[in-house]
Amino acid sequence: MPRGDKGAYTDKQKRKAEHIEQGYEQRGVPKAAAEARAWATVNKESGGGNKSGSGRGKADTHVSSSRGGEAHKAGSPEARSAAARKGWDTRRKKAGE
């Protein structure tokens with residue numbers, strides 16, 4: 001099978017890749033990059049194509065989609081609150097200029 005052939009993927013994997021690709025495009029990622037990222041995500045979660053017994057029955061990890069497109073919230077709640085206050089102060093100062 002030639003590289004780039006999606007014949008070894010299940011219909012569910014193809015739908016998932018299409019959905020991920022649309023999400024990237026809505027965020028302004030170019031089409032080619034969005035498609036590459038989408039298939040990389042599907043491969044990471046499911047281990048590649050699952051048709052014809054190649055990994056059939058292996059559970060998906062969903063590691064890449066667990067964040068749901070949101071940024072990871074680093075730091076303690078106090079640190080995030082302090083950062084929010086600092087940002088608010090900066091925006092208020094800039095608005096008064």
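A residue counts as partly exposed when its relative accessible area falls between the buried limit, under 20%, and the exposed limit, over 50%. By that definition Thr10 is partly exposed, because its relative accessible area is 22%. The structure described here is a predicted model. The chain has three helices and zero strands, and along the sequence the order of its elements is α-α-α.

**Confidence**

- The mean pLDDT of the chain is 82, and 81% of the residues reach 70 or more.
- Among the elements of the chain, helix α1 (residues 11-26) has the highest mean pLDDT, at 92, while helix α3 (residues 77-95) has the lowest, at 90.
- Where pLDDT is low, the predicted coordinates should not be read in detail.

**The chain as a whole**

- Of the 97 residues in the chain, 18% are buried.
- The chain exposes about 7,500 Å², and 52% of that area is supplied by carbon and sulfur atoms.
- Among contacts with a separation of 6 or more, 44% join residues 24 or more positions apart.

**Segment before α1**

- Thr10 is found in the segment that precedes α1.
- Not counting residues up to four places away in sequence, Thr10 touches Asn50 and Lys51.
- Thr10 and Gly48 are 38 residues apart along the chain, and their C-alpha atoms are separated by 9.8 Å.

**Helix α1**

- Helix α1 has 16 residues and reaches 23 Å from its first C-alpha to its last, close to the 22 Å expected at 1.5 Å a residue.
- The buried residues of α1 are Gln13, Ala17, Ile20, Glu21 and Tyr24.
- An α-helix has 3.6 residues a turn, so residues three or four places apart point the same way.
- The face of α1 turned away from the buried side carries the exposed residues Asp11, Lys12, Arg15, His19 and Gln26.
- The buried residues of α1 pack against α2.
- Just after α1, Gly28 takes a positive phi of about 95°.

**Helix α2**

- Helix α2 covers residues 31-46.
- Its 16 residues reach 22 Å from the first C-alpha to the last, close to the 22 Å expected at 1.5 Å a residue.
- In α2 the buried residues are Ala34, Ala38, Trp39, Thr41, Val42, Glu45 and Ser46.
- These residues are on the same side of α2, because the arc they cover around the axis is only 155°.
- Ala32 and Lys44 are exposed on the other side of α2.
- The buried residues of α2 pack against α1.
- Just after α2, Gly47 takes a positive phi of about 80°.

- Thr41 is found in helix α2.
- Thr41 counts as buried because its relative accessibility is 13%, below the cut-off of 20%.
- Leaving aside neighbours within four places in sequence, Thr41 is in contact with Ile20, Tyr24 and Ser64.
- Glu45 lies in helix α2.
- Glu45 also counts as buried, because its relative accessibility is 3%.
- The side chain of Glu45 makes a polar contact with the side chain of Lys16, at 3.1 Å.

**Helix α3**

- Helix α3 has 19 residues and reaches 27 Å from its first C-alpha to its last, close to the 27 Å expected at 1.5 Å a residue.
- Helix α3 is hardly covered: the count of buried residues among its 19 residues is zero.

Terms used
Residues numbered from 1 in each chain as written. Heavy atoms only, no water. Helix = DSSP H or I, 4+ residues; strand = E, 2+ residues; numbered from the N terminus. Buried < 20%, exposed > 50% of the residue type's maximum accessible area, 1.4 Å probe, protein only. Contact = heavy atoms within 4.5 Å. Areas by Shrake-Rupley, 256 points an atom, 1.4 Å probe, with all protein chains shown as cover. Polar contact = N/O pair within 3.5 Å; in protein donor to acceptor, adjacent residues only side chain to side chain. pLDDT = per-residue confidence, 0-100. Expected span 1.5 Å × (residues − 1). Arc of directions from axis to C-beta.
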